[in-house]
Amino acid sequence: MKTIKDFNFQGKKALVRVDFNVPLDADFNVTDTTRLKAAKPTIIKILEDGGSAVLMSHLGRPKGVDAQFSLKHIVKTASEILGVEVKFVPATVGAEAEAAVAALEPGEVLLLENLRFFAEETKGDLAFSEQLSKLGDVYVNDAFGTAHRAHASTTIVAQFFQDKLAGFVIEAELVNADKVLKGGVKPVTAIMGGAKVSDKILIIEKLLDVADNIIIGGGMSYTFAKAEGGSIGNSLCQNDLLDYVLELEAKAKAKGVKLIFPIDNLLGDAFSNDANTQVVLRGQIPDGWEGFDIGPQTIELFSKIIKESKTVIWNGPMGVSEIPLYATGTIEVAKAVKEATEGGAFSLIGGGDSAAAINNLGFGDDVSYVSTGGGALLEYMEGKELPGIAALRA
Ligand code: 3PG
Ligand code: MG
């Protein structure tokens, strides 16, 4: 795979696939700028070489043209973060987009309208990809967060270019994921959370070969508790996986990997911030109650293991972290990961909710690497080939 490092963009117009799929609040303010900041080095390298950058991205999952999902909403924030004016054209392909590209001078940045206003994008349509390819002399893919999608702009468009290059984000994501996958400094601890066991099965199976400890928190932990014969009240459970999780526990034991479960849970009687709560031991949840977070003894145990680790990967919250009442476990795990890093550990934060927790606490710069990918990072770590990356190699 060629990266932009050794390429000179002087006089070139680079068509750059970025992942500017960022969260917006009700007033269309960007609430997490991680992906914008991440794209900066690639864009600046192109401009400093004397090239210009034509940025293309999706935002959300619109069904056709929908002003709510216009990339115009992020132009101001993107300009501030990049430190250069981002010009915007309200077109994705066709005459208007081509004219805006033609008018672009070296050192300038143009952002196209949302790729997903066209169904052809997600279908990976060849004709649409060819139209996109007219908007640059060189293709750069730096949208790691979307590299698991075989879409027009992430994959199919690459075949129309002689020069197809990975940007700095894609390069860094692979290097950092490989630091864990190819065996990190021991002890290696993986912290797995989130609602569903099924989302994490493949990655846990991979991690059994490289981790010393796998901490299981979040909604997925109740399936294990029930499989072991515990009572879980109304907590989340994937009943079809009860046998599987016991097999997984046996497999871990055979490989000498410690699976570490909560000792206690914080229960609530409602999915709301003013619910009644109580703490009980794992597997002792009364009827009518639901586990929404890890409890205080668990926080102590998980924090100790994390702080004693030299390599940490974290993917998924410990509880319903979007509700403050149930966010303590996730926050305390974030603090432990930060402390481990300060003590010399390498820490990789998988995208999505765990990245949001780290960033909301202002710890983004205190961990080793915050991934810009949710699904893409998981698929890469599961050992799947990401189509967006394969297309750069072809
Ligand atoms: C993401 O945020 O997961 C990426 O930007 C990809 O978006 P998607 O899941 O809608 O394809
Ligand atoms: Mg996604």
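Trainee: How far is the polar side-chain atom of Arg-116 from an oxygen atom of ligand 1?
Mentor: They are 2.8 Å apart. Keep in mind that this is a predicted model.

Trainee: And what about Arg-149 and Arg-35?
Mentor: Arg-149 has a polar side-chain atom 2.6 Å from a ligand 1 oxygen. For Arg-35, an N or O atom of the side chain is 3.0 Å from an oxygen of ligand 1.

Trainee: How much of ligand 1's accessible area does the protein cover?
Mentor: On its own, ligand 1 has 300 Å² of accessible area, and the protein covers 84% of that.

Trainee: Which residues are around ligand 1?
Mentor: Besides Arg-35, Arg-116 and Arg-149, you'll find Asp-19, Asn-21, His-58, Arg-61, Gly-145 and Thr-146. By class, that shell has five charged residues, four polar ones and no nonpolar ones.

Trainee: Let's switch to the fold. In what order do the strands of the sheet come?
Mentor: The open sheet has six strands, ordered β3-β4-β2-β1-β5-β6, with parallel pairing. β3 (86-88) and β6 (164-166) each have a single partner strand, so one side of each has no neighbour in the sheet. On average, neighbouring strands are turned by 25° against each other, ignoring direction.

Trainee: How many bridges join β2 to β4?
Mentor: Three, linking residues 52-56 of β2 with 109-111 of β4. Within that pairing, Ala-53 sits opposite Val-109.

Trainee: Which strands does helix α1 lie across?
Mentor: Helix α1 (residues 34-48) lies across β1, β2, β4 and β5, and runs at about 150° to β2.

Technical notes:
Residues numbered from 1 in each chain as written. Chains lettered and ligands numbered in written order. Predicted model: local features only at pLDDT ≥ 70, side-chain atom pairs only at ≥ 80, totals over all residues. Heavy atoms only, no water. Pairing = 2+ DSSP bridges. Helix = DSSP H or I, 4+ residues; strand = E, 2+ residues; numbered from the N terminus. Axes fitted to C-alpha atoms, helices over the stretch in contact; angles between N-to-C directions. Contact = heavy atoms within 4.5 Å. Near = heavy atom within 4 Å. Polar contact = N/O pair within 3.5 Å; in protein donor to acceptor, adjacent residues only side chain to side chain. Areas by Shrake-Rupley, 256 points an atom, 1.4 Å probe, with all protein chains shown as cover. Nonpolar A, V, L, I, M, F, W, Y, C, P; charged D, E, K, R; others polar.
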